[in-house]
Amino acid sequence: MAQATNFNLEEKFDFSSSLKKKIGIVAIIGLVMLVLGIVFASGGGHGEHEAADGAHHAFHWSKRLIANIWINNVYFAGIAIVGVFFFALQYAAQAGWSTPFLRVPLAFGSWLPFAGLAMIAVFLIGNHDIFHWTHAELYDTTSPEYDKIIDGKKTFFFWPGEAGGFPLFYFLRMVVFFGVWVLFFRKLRSLSIAEDLNGGNSYWYKIRSVSAFFIVFFAVSSSVSAWDWVMSIDTHWFSTMFGWYVFASWFVSALAAITLIVVFLREAGYLKMINANHLHDLGKFVFAFSIFWTYIWFSQFLLIYYANIPEEAVYFVERMESDHYAGVFFINIILNFFFPFLVLMTRDSKRHTIFLKIVCSVILFGHWMDFFLMVTPGTLKENGGVGLMEVGSLLVYGAIVTFVILTSLAKNGLVPKNHPMLEESYNHHI
Amino acid sequence: MERDKNFVLGVFDDEDVLLNAVKEVRSSGVKIHEVYSPFPVHGLDEVLGYRRSRLPIAAFLFGMLGTTLALLMQFYMMKWDWPMIIGGKDFGNFPTMVPVGFELTVLLAALGMVAVFMVSSDLKPYKIPRIFDLRSTDDKHIMAIDLAYNDGAEDKIKEVLKSSGASEVNNKSFE
């Protein structure tokens, strides 16, 4: 039986300069790839520039860059908010096993303010490149571009303003969601840190009730943000499963990220109280929610496939039947379902860090691909693909996010040392 | 001495004491027949040195059997035996078979696992279980040690049990 006194509860994560250097190297590699990608895209030319119908229809590389930034924005904002959600979930479920590493998912929330600002900035700069519905002529009945279906959805975007103007309702939702998420994150973090200083059970109860309110808000906001940020790209199309689908993707990615960071912290000599049993539970989480994602993915696919209504099926026609995206479409399922399902199935693979590291890295890339597949066909049509620009921007973005999260993790104690369930966690056994 | 007949029973009140006792008894060279407890004691199977259950392998194999049967059944029905046009799809198209395939995988994995568990742990209807001590269904942990497997070293076993914290040490014989 493990004893409480053996562990160092005062330990702090030391964000060493060598680690910072490594992250910097990844960011520079990404930047080089990104610049090379832009150079090839602008210099190479695919013949579109000579198209007779002028500059309006010519494809410009900046559109691809904006789409890439949007993919990473949505993906990493999701991981950040799900980190806070995971923290809240542990309190709402009164879970004890996860106590020692609770600060890791909580630190994910530190990316939220940056994610919110980036999201707002990219939306203001590149909304015409990403969202078809932002074009004013779609709502003008006299225009040949008038679109009756999109016109029917104008309230959702433009209320209370004029259709085709500034999408006030849409923009407000974005601001409010990020604002409330950041508020909840700060409240939860300050309570958790106050518990370190003062101790006692009262903080646990307070965090639990804040968590409950947060989960209710998150249930609605995660779904609506999925419609806003991802589903509205394909403006004609809709799926009632989409909120869950995006949430499932976010949740698996965040679980994989939590597992990876916990494994690396443990190998760096921190969190000695985390043993194979805790890793086993994290592995189960990743395994289970990979299956959950697949379940949602397939439920959405099967209904559309079976009913075969053109305005629904077009989503999969653009992806599954397209020369550009069919490969990504099937690799997506292999990386996010078959690979984690078969590898993490046995008990041993969930208890050994090498398997967890491989599977979690693959899942993190796989779900980035999932978001790529949600955003790109609608924004770039046949001009998209996974190339230097995509991998480069993912590396740059990932390096920045990791840097922010680790900086935040290093600020406070790594272990919530006065958490009432620490003792239970030491003796966690499955 | 006949096997499975004469036992020494150590009675324990507390599961932590029991876990330590199991370690001590085993390290003194005494072979334990079985430990009976009123509730699952975490870590007991580890200190007893039991091999890990192979039940998950049975579950996987039964699950694969379920998938195979489900797909064969649907292909046979929808493609060869009585082809039907549903929603303009091909006969025997894979995506529509996934839900049934999934359900039968789960069903056969679950039923197969229960069946294998029943057989491997010798649970069957009308079986009259051998009860070492009725209190193991209430508030006591019972450690049973077969004398035949320990060369009948009764005194030594009782000594070890007492020193490792047993609240009582009893003899039990079956006909």
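In this predicted model, strands β2(B) and β3 (residues 141-146) of chain B pair up in the antiparallel sense, with three bridges between them. Within that pairing, Y36(B) sits opposite I142(B) of β3(B). Zooming out, the two strands belong to an open, antiparallel sheet of four strands in chain B, ordered β2-β3-β1-β4. The edges go to β2 (34-36) and β4 (168-173) of chain B; each has just a single partner strand, so one side of each is left without a neighbour in the sheet. From one strand to the next, the twist averages 25°.

Helix α1 (residues 15-27) of chain B lies across β1 (6-12), β2 and β3 of chain B, and runs at about 135° to β1(B). Helix α5 (residues 154-163) of chain B also packs on the sheet, where it touches β1, β3 and β4 of chain B, and its direction makes about 10° with that of β1(B).

As for the whole chain, chain B has five helices and four strands, which follow one another from the N terminus as β-α-β-α-α-α-β-α-β. The radius of gyration of chain B comes out at 25 Å, well over the 16 Å that the globule rule gives for 175 residues, so chain B is more spread out than a compact globule. Along the principal axes, its C-alpha atoms fill a box of roughly 80 × 35 × 30 Å. Of the 175 residues in chain B, 17% are buried. Counting contacts in chain B between residues at least 6 apart in sequence, 79% link residues at least 24 apart.

Then there is the partner chain. Seven residues from chain B and six residues from chain A make up the contact. On the chain B side, two of these are nonpolar, five are polar and none is charged.

Technical notes: Residues numbered from 1 in each chain as written. Chains lettered and ligands numbered in written order. Predicted model: local features only at pLDDT ≥ 70, side-chain atom pairs only at ≥ 80, totals over all residues. Contact = placed C-beta atoms within 7 Å. Nonpolar A, V, L, I, M, F, W, Y, C, P; charged D, E, K, R; others polar. Pairing = 2+ DSSP bridges. Axes fitted to C-alpha atoms, helices over the stretch in contact; angles between N-to-C directions. Rg over C-alpha atoms; globule rule 2.2 N^0.38 Å. Buried ≥ 20, exposed ≤ 12 C-beta atoms within 10 Å, placed from the backbone.
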